[in-house]
Amino acid sequence: MIAALLLTPVVVVVWVRERHLAARARELRRVLDHADALENELQECRRRLREIPAMVSRLPPAISLSAHATLTAEPEVQAALHDLLQHRLWLKQFGADASLQALKAASAALDTSRQKLAIQLQQLGEVRHDLEQAGADLKASLT
């Protein structure tokens, strides 16, 4: 009975520590998943941006002028990819020892970036649709 009373605090401490380590591991996986998803979305954004010049080149200058503003997003995508690389390097160097709070902050930052990028991807989709429609309208008016 005395042994059980003496071991109880040790068991509780070990249980709390294991729970904390498991939470840290889950959060680290979450950060890595967010980073992977953001990288895929940035690559998709870059791909879509690179399709637009070909679409714009087929339109008259008056119509294509508004689409050129969309093309200025390429440096922003490149900067976001650079920031993502910095996050990955930080994780590689310090991720194993990072606090749960630091990992949660990194996860939140990546999630915020993904939300902003989702808006950009939606806008790119709308621009693409508008360009396709303008091209179709132009083609129809010439026939």
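Trainee: Which residues does glutamate 41 touch, not counting those up to four places away in sequence?
Mentor: Glutamate 41 touches Arg114, Leu117 and Leu121, with residues up to four places away in sequence left out. Keep in mind that this is a predicted model.

Trainee: Where does glutamate 41 lie?
Mentor: In helix α1.

Trainee: What does glutamate 27 touch?
Mentor: Leu100, Leu103, Lys104 and Ser107, again not counting residues up to four places away in sequence. Leu100, Leu103 and Ser107 are among the buried residues of α4.

Trainee: Back to glutamate 41. How far apart are its C-alpha atom and that of lysine 104?
Mentor: They are separated by 21 Å.

Trainee: Which other residues of α4 are buried?
Mentor: The list includes Ala106, Leu110, Leu117, Leu121, Leu124, Val127, Leu131 and Ala134. Leu117 and Leu121 are also touched by glutamate 41.

Trainee: Why does the length of α4 make sense?
Mentor: Count 1.5 Å a residue. Helix α4 has 43 residues, 100–142, so it should span 63 Å. Its end C-alpha atoms are 62 Å apart, which agrees.

Trainee: New topic. How many helices and strands are there?
Mentor: Four helices and zero strands. From the N terminus on, the order is α-α-α-α.

Trainee: What about the overall dimensions?
Mentor: The C-alpha atoms fill a box of roughly 95 × 25 × 15 Å along the principal axes. The radius of gyration is 25 Å, whereas a compact globule of 143 residues would have one near 15 Å.

Trainee: How much of the protein counts as buried?
Mentor: Of its 143 residues, 26%. The accessible surface comes to about 9,800 Å², and 62% of that belongs to carbon and sulfur atoms.

Trainee: What about contacts between residues at least 6 apart in sequence?
Mentor: Of those, 87% join residues at least 24 apart.

Trainee: Last one. How many positive and negative charges are there?
Mentor: There are 18 positive and 17 negative charges. Their mean positions are 6 Å apart.

Definitions and conventions: Residues numbered from 1 in each chain as written. Predicted model: local features only at pLDDT ≥ 70, side-chain atom pairs only at ≥ 80, totals over all residues. Heavy atoms only, no water. Helix = DSSP H or I, 4+ residues; strand = E, 2+ residues; numbered from the N terminus. Expected span 1.5 Å × (residues − 1). Buried < 20%, exposed > 50% of the residue type's maximum accessible area, 1.4 Å probe, protein only. Rg over C-alpha atoms; globule rule 2.2 N^0.38 Å. Contact = heavy atoms within 4.5 Å. Areas by Shrake-Rupley, 256 points an atom, 1.4 Å probe, with all protein chains shown as cover. Lys, Arg positive; Asp, Glu negative; His and termini not counted. Charge placed at Lys NZ, Arg CZ, Asp CG, Glu CD.
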